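Reader: I would like to learn how to read salt bridges and nonpolar cores in a model. Could we go through them together, one feature at a time?

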Amino acid sequence: MYNFSNLFNNVVEFQVGASYRNYFLHSDGTIFDDATRDITIEEYGAFGQIGKRMFNDKLKLTFAGRYDKSQNFEGRFTPRITGVLTVAPNNNIRASYQTGYRNPTTQDQYIDLAVGGGATRLIGGLPELLTKYNLVTNPAVTSDSYRAFLASAASGAPNPTVLQTYTFDARGVRPESVQSYELGYKGLLGSKLLVDMYGYYSIYSNFISAVEIYQNPLATAVKFNVPVNLTDDVKTYGGAFGLDYVFGKYNLSGNVSYNKISDIPTNFINTFNTPELRYNFGFGNREIVKNVGFNLQYRWQEKFTWNSTFGSGDVPAFGTLDGQISLKVPSINSTLKFGGSNLLNKYYSTSFGNPLVGAIYYTSITFNP
């Protein structure tokens, strides 16, 4: 990245940059479809950004554009525009329109793995993987319709007419793109209260999800889990509100955030994996008595459902308390810190299938010569 602003005497801010990345997947066929071949993925991109302050620095507009290319997908151009308006000293309103995209992950592209004792095969969504397992010439059926067929068979009257074929897009899985609108405010009210809030609304096209399907349902069915793109747009929205208040030497802070996704069609897996509601509270004092300070932080998030190709289930709500005490030792120019995260040692997990997280306690010494 390089900043050319000095060339324009800082009348405008102008930056450009570029990046290059090369993935080398080397699992010898244990995870990816690379038992008999090497798999590499080259990606490159470049961007330019220009910013201008106007109306006595009360308004700053920024325009940016980025182009990215992956060897497996078409190149994408993503423009963005943001604005920050100073409505009063230390009070700003910000607005933005942004576009972006996300390539399917390396697993979404090339995974080839049997899980659940071989009962399910996870495969990438590229056309070559669909061809490898004949999912185009020998189409599979949707999971809901297969379960309906099993139910009819269990009742003694097998009904194959309930089976519904799933048809893959010949292009395979593709990058998802998003358009996002955001409006926010940040301001210092008086000299002690800082307020920060925002709201957003995003529209995803080609949202990357996954589908469970069964091949050969009337014989020995084989279950596949394949990443695919949704044909309809997916919308997300939410916001956050935060306060930071100083009284004397004490600091009190808190924030709450809300994130919501529109309904995902049946037969598809929702991998948004974000709790709708979470909040934090903080309380501290840098020097409650001479050379001694402390800080406490409580974090909470609500229960939500986690979905992935490896498993799905509920992640229970949890709250944790973090804390730290600091002791300055001026005679040796040092600061001692004693603290921990999850002080109460209440075990929790942040995603389905992950190990539980307990307390971490620590001590440290910082020497400043």
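Reader: Is Arg299 buried, partly exposed or exposed?

Author: This is a predicted model, in which local features need pLDDT of at least 70 and side-chain atom pairs count only at pLDDT 80 or more, while totals for chains, interfaces and linings use all residues. Residues are numbered from 1 along each chain as its sequence is written, and side-chain values use heavy atoms, with hydrogens and water left out. Buried means under 20% relative accessible area, exposed over 50%, and partly exposed in between, with a 1.4 Å probe and protein chains only. Arg299 has a relative accessible area of 28%, so Arg299 is partly exposed.

Reader: With which residue does the side chain of Arg299 meet in a salt bridge?

Author: Side chains of opposite charge can pair when their charged atoms come close. A salt bridge here is a side-chain nitrogen of Lys or Arg within 4 Å of a carboxyl oxygen of Asp or Glu. Arg299 meets Asp322 in this way, at 3.1 Å from N to O. Arg299 lies in strand 17 (residues 292-301) and Asp322 in strand 20 (residues 318-329), so the pair ties together parts that are 23 residues apart in sequence; strands (E, at least two residues) and helices (H or I, at least four) are DSSP runs numbered from the N terminus. Asp322, at 16% relative accessibility, counts as buried.

Reader: How many salt bridges does the structure hold, and which residues are linked in a network of them?

Author: The structure holds 17 salt bridges, and a network of them links Asp33, Arg37, Asp112, Arg121, Glu128 and Lys132. Within it, Arg37 pairs with Asp33, the closest N and O atoms being 3.0 Å apart, and also with Glu128, where the closest N and O atoms are 2.7 Å apart. Asp33 is buried, at 16% relative accessible area, whereas Arg37, at 32%, is partly exposed.

Reader: Which residues have the most contacts inside the largest nonpolar core?

Author: A nonpolar core is a set of buried Ala, Val, Leu, Ile, Met, Phe, Trp, Tyr and Cys residues joined through side-chain atoms within 4.5 Å. The largest has 20 residues, and those with the most contacts inside it are Tyr110, Ile123, Leu135, Phe168, Ile213 and Val226. Strand 13 gives the most to this core, with three residues.
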